[in-house]
Amino acid sequence: MKKLRRYVVLLLALMVLVAGCGKEVPENKEVSETKEAVTEESNEAPVAVNSDEKFLIRAGIGLNDQHPQFKGLEVMKEYVERESGGRIEMQLFHSSQLGDDVQMIEALQLGSQEMTCPSSAPMTGMDNRFMVFDLPFLFPNSEIASAVLDGPLGQELLDGLSDNFLVGLAYWENGYRHITNSVKEIKAPEDMKGLKIRTMENQVHLDFFKSLGANPTPMPFGELFTAMQQGVVDGQENPVPTIYLQNFAEVQDYTTLTGHVYSPFVLLMSKKFWDGLPADLQAIVQEGALVARDEQRKINGAYTDELVAGLREQGMTVTELSNEELKAFQDATKSTIDKFKVEIGSDYVDSVLEEIERLSK
Ligand code: KDG
């Protein structure tokens, strides 16, 4: 199924490449022409605008415009537009306005959108190694997670994306995920039995919730709120900033701070668009992605610390687990690591585990 989907995307991308041979990306050409027309209408002497010099980056995400992910995009927009002297314009879209994570990734591959920033979970359709980040209770803290992601092991995965018509620019932070639900307080793995939980579209997440006895349903983020509201699912799991800023308290009563997985965002660009960017602008985009990454992680960290209290103010019961209670969740889901190790690639998993151990000393 995964292979079939990949072939369809490859075929479509080939068709687009053949059809577009020797042409500019249409939307980006239109931007230049619009700007030319505006200049010609004014009384000032027309400024010659070379259509090759203006580029439009449409960046779309699933979360809303209050989320640190969107703030990161705002930082990047400011940097890239300033440093390029206006040769690049960034337009930002939130709340799945351009589609869900999988749809936007496919739009990048076809060259009909320039940038998106999914969680790493839906990326596993392209490279199984991304599943390593979905293994439960892997990273002991976010500093170590960032160091592994920004180091050679994380970079290796970003570099591999070019085979899938994508450019991996950087890892941003989604954060430690926690379980919410509308039925009861969760303190032990047994409490999860029979609960209908929305997960991201990813095998490791499904397996994790199955080993807790829950009933997991994969679903795009954009459909989640309504699914909780209508009782299609009892609960879900996401980091604190998302639970708070997407107002999940309106449809969920309980949060348990399980922190069962650290979820990175992967900042992606369309390779078709990237290949048409002059080298100086490529450098500005790459640098902007890293400048914004550092700022985005800072904002996300601050929100994470502050907003646990916010969830209580929104009326949720927030349950913190003792080390012993947390260990019960770890023990119940240990089998997930063994089950997926071969599929991910034993060598890659071992390298990540060794790196975590080295950084933990
Ligand atoms: O903008 C990113 C979101 O679309 C998504 O990745 C958020 O963690 C997420 C989820 O639960 O789908």
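Student: Which residues is Thr-116 in contact with, leaving aside neighbours within four places in sequence?
Tutor: This is a predicted model, where local features need pLDDT of at least 70, side-chain atom pairs count only at pLDDT 80 or more, and totals for chains, interfaces and linings use all residues. Residues are numbered from 1 along each chain as its sequence is written, and side-chain values use heavy atoms, with hydrogens and water left out. Contact means heavy atoms within 4.5 Å. On that basis, the partners of Thr-116 are Gly-60, Met-104, Ile-105, Leu-108, Val-266, Leu-267 and Leu-268.

Student: Is Thr-116 buried or exposed?
Tutor: Thr-116 sits in strand β3, residues 115-116. Strands are DSSP E runs of at least two residues, helices H or I runs of at least four, both numbered from the N terminus. The scale is relative accessible area: buried is under 20%, exposed over 50%, partly exposed in between (1.4 Å probe, protein chains only). Thr-116 has 1% relative accessibility, so it counts as buried.

Student: Which backbone oxygen does the side chain of Thr-116 reach?
Tutor: The distance is 2.8 Å.

Student: Why is helix α4 called largely enclosed by the rest of the structure?
Tutor: The helix spans residues 101-110. Its buried residues are Asp-101, Val-102, Met-104, Ile-105, Ala-107, Leu-108 and Gln-109.

Student: What marks the start of α4, and what phi follows just after it?
Tutor: At the start, a side-chain oxygen of Asp-100 comes within 3.1 Å of the backbone nitrogen of Val-102. Just after the helix, Gly-111 takes a positive phi of about 85°.

Student: How many residues surround the ligand?
Tutor: The closest are Gly-62, Gln-69, Asp-101, Ser-119 and Arg-198. A residue is near if one of its heavy atoms lies within 4 Å. The total around the ligand is 14.

Student: How far is a ligand oxygen from an N or O atom in the side chain of Asp-101?
Tutor: A ligand oxygen lies 2.8 Å from a polar backbone atom of Gly-62. The side chain of Arg-177 also has an N or O atom 2.8 Å from a ligand oxygen. For the side chain of Asp-101, the distance is 2.7 Å.

Student: Which helix holds His-205?
Tutor: His-205 counts as buried because its relative accessibility is 3%. Beyond four places in sequence, His-205 touches several residues, including Arg-177 and Asp-134. The helix, residues 203-211, is α7.

Key:
Polar contact = N/O pair within 3.5 Å; in protein donor to acceptor, adjacent residues only side chain to side chain.
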